[in-house]
Amino acid sequence: MSQPERKSQYTEEVNATLQWMWGDGYLSPGGFEEVAEMLRSVDVRGRDVLEVGSGLGAASVALAETFGARSVLGVDVEAHLIEHSRERAAAAGLAERVRFQLVDPGPLPFDDASHDMVFSKDAIVHIPDKAACYAEVLRVLVPGGVFVGSDWLRGGEETYTADAREWLDFVHLDFRMETLEQTRRALERSGFERVGLVDRNEWYRGEVRKELATLSGDNYAKLVEVVGEEMAGHRLDSSARKQRVIEQGFLRPTHFVGYKPAAA
Ligand SMILES: C[S@@+](CC[C@H](N)C(=O)[O-])C[C@H]1O[C@@H](n2cnc3c(N)ncnc32)[C@H](O)[C@@H]1O
């Protein structure tokens with residue numbers, strides 16, 4: 001049974017500002033270059049890939065078009081994002097190989113061992129029960145399959161810092177951020193092996209400075225023309241708050257990889 005409709009966290013205006021900073025089709029930092037960085041040590045060629053939290057679909061399209069996936073299935077919980085993603089795949093001539101499906105939060109509606117690889121970028125931060133999510137990813141992977149992800153993690157503090165709370169209250173996103181250690185443990189307890197994490201805090205410090213540059217001077221005036229004064233101002237305030245938590249080491253965007261054990 002379908003769950004009641006949730007309020008969109010990624011409205012058209014929000015998406016316009018995120019793409020302003022991160023590039024066409026991307027709702028997370030670094031755009032295409034960061035996807036390429038995540039995939040540096042993983043061979044995607046010939047694989048059937050599931051993307052969890054596919055947003056506007058640009059990474060799913062890149063997985064097939066640039067990285068050689070045999071097929072990609074992107075899933076997301078917002079219907080309008082799925083529509084945009086289908087249009088993107090069709091415009092790239094990849095509608096057959098790159099498909100998108102609306103899902104409810106919770107168990108993945110796919111068979112055991114149905115995918116060679118699961119990819120996810122900055123979406124699991126929205127999912128409260130990480131262990132259940134990782135267990136589902138493991139279930140749908142073939143033995144030996146790989147889980148490649150990136151997520152918005154946090155520093156080792158026991159609780160969120162005051163600045164972090166202020167930033168998260170301001171942006172109204174339902175982020176549930178865990179530490180790197182919690183994430184490593186949860187992946188390993190779920191059954192992944194050869195788990196590796198790469199902290200991208202330092203890289204993102206530089207990126208936030210670039211983000212702020214895309215939100216200043218003439219650039220800012222152009223953004224106001226696109227999304228209006230209120231949304232542009234909100235974006236600028238939000239990035240300024242985020243700069244504090246990245247500089248303080250609270251916000252730790254992190255890449256991770258884990259493998260499902262090969263069959264005995
Ligand atoms: C920050 S955006 C990132 C989108 C895309 N991965 C990208 O990098 O451009 C987070 C995405 O996760 C989706 N999302 C949130 N909760 C989800 C869930 N339980 N299952 C799948 N996707 C979810 C959101 O709708 C949104 O598209």
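How many nonpolar, polar and charged residues are in the shell around the ligand? By class, there are eleven nonpolar, five polar and four charged residues. Here Ala, Val, Leu, Ile, Met, Phe, Trp, Tyr, Cys and Pro count as nonpolar, Asp, Glu, Lys and Arg as charged, and the others, Gly among them, as polar.

Before going on, two notes for your selections. Residues are numbered from 1 along each chain as its sequence is written. The model is predicted, so local features need pLDDT of at least 70 and side-chain atom pairs count only at pLDDT 80 or more, while totals for chains, interfaces and linings use all residues.

**Stop 1: the ligand**

Select Ser 28, Gly 53, Gly 55, Pro 105 and Ala 123: of the 20 residues around the ligand, these come nearest. A residue is near a molecule if its C-beta atom, placed from the backbone, lies within 6 Å of it.

**Stop 2: the nonpolar core**

Now select Val 49, Leu 63, Val 118 and Val 137. In the largest nonpolar core, which has 60 residues, these four touch the most other members. Such a core is a set of buried Ala, Val, Leu, Ile, Met, Phe, Trp, Tyr and Cys residues joined through C-beta atoms within 7 Å. Buried means that 20 or more other C-beta atoms lie within 10 Å of the residue's own; 12 or fewer makes a residue exposed, and anything in between partly exposed, with C-beta atoms placed from the backbone. In soluble globular proteins, nonpolar side chains tend to be buried together.

Stay on Val 118 and show its contacts (C-beta atoms, placed from the backbone, within 7 Å). Leaving aside neighbours within four places in sequence, Val 118 is in contact with Leu 50, Val 52, Val 137, Val 140, Leu 141 and Phe 147.

**Stop 3: helix α5**

Select residues 130-140, helix α5, where Cys 133, Tyr 134, Val 137, Leu 138 and Val 140 are buried. Helices (H or I, at least four residues) and strands (E, at least two) are DSSP runs, numbered from the N terminus.

**Stop 4: Gly 149**

Next, pick Gly 149 in strand β5 (residues 141-154). Is Gly 149 buried or exposed? With 24 other C-beta atoms within 10 Å, Gly 149 is buried. Not counting residues up to four places away in sequence, Gly 149 touches Ser 120, Lys 121, Ile 124 and Phe 256.

**Stop 5: helix α8**

Move to residues 201-214, the 14 residues of helix α8. From first C-alpha to last, α8 reaches 20 Å, close to the 20 Å expected at 1.5 Å a residue; the expected span is 1.5 Å times one less than the number of residues. Colour Tyr 204, Val 208 and Glu 211, which are the buried residues in α8. Look down the axis of α8: the buried residues fall within an arc of 60°, so they line one face of the helix. The arc is that of the directions from the helix axis to the C-beta atoms. On the face turned away from the buried side, find the exposed Glu 202, Gly 206, Lys 210 and Ala 213. The cover over the buried residues of α8 includes α1 (12-22), α10 (229-247) and β7 (251-259).

**Stop 6**

In helix α10, select Arg 241. Arg 241 counts as partly exposed, with 18 C-beta neighbours inside 10 Å. Although Arg 241 and Asp 163 are 78 residues apart along the chain, their C-alpha atoms are separated by 7.6 Å. Beyond four places in sequence, Arg 241 is in contact with Glu 166, Trp 167 and Phe 170.

Then try Ala 16 in helix α1, which touches Val 226 and Val 227, not counting residues up to four places away in sequence.

**Stop 7: two backbone angles**

Most residues other than glycine have a negative phi. Ala 113, however, has a positive phi of about 50°, and is in the loop between β3 (98-102) and β4. His 172 has a positive phi of about 55° and is found in the loop between α6 (162-171) and α7. Ala 113 is partly exposed, with 14 other C-beta atoms within 10 Å, whereas His 172 counts as exposed, with 12 C-beta neighbours inside 10 Å.

Terms used. Contact = placed C-beta atoms within 7 Å.
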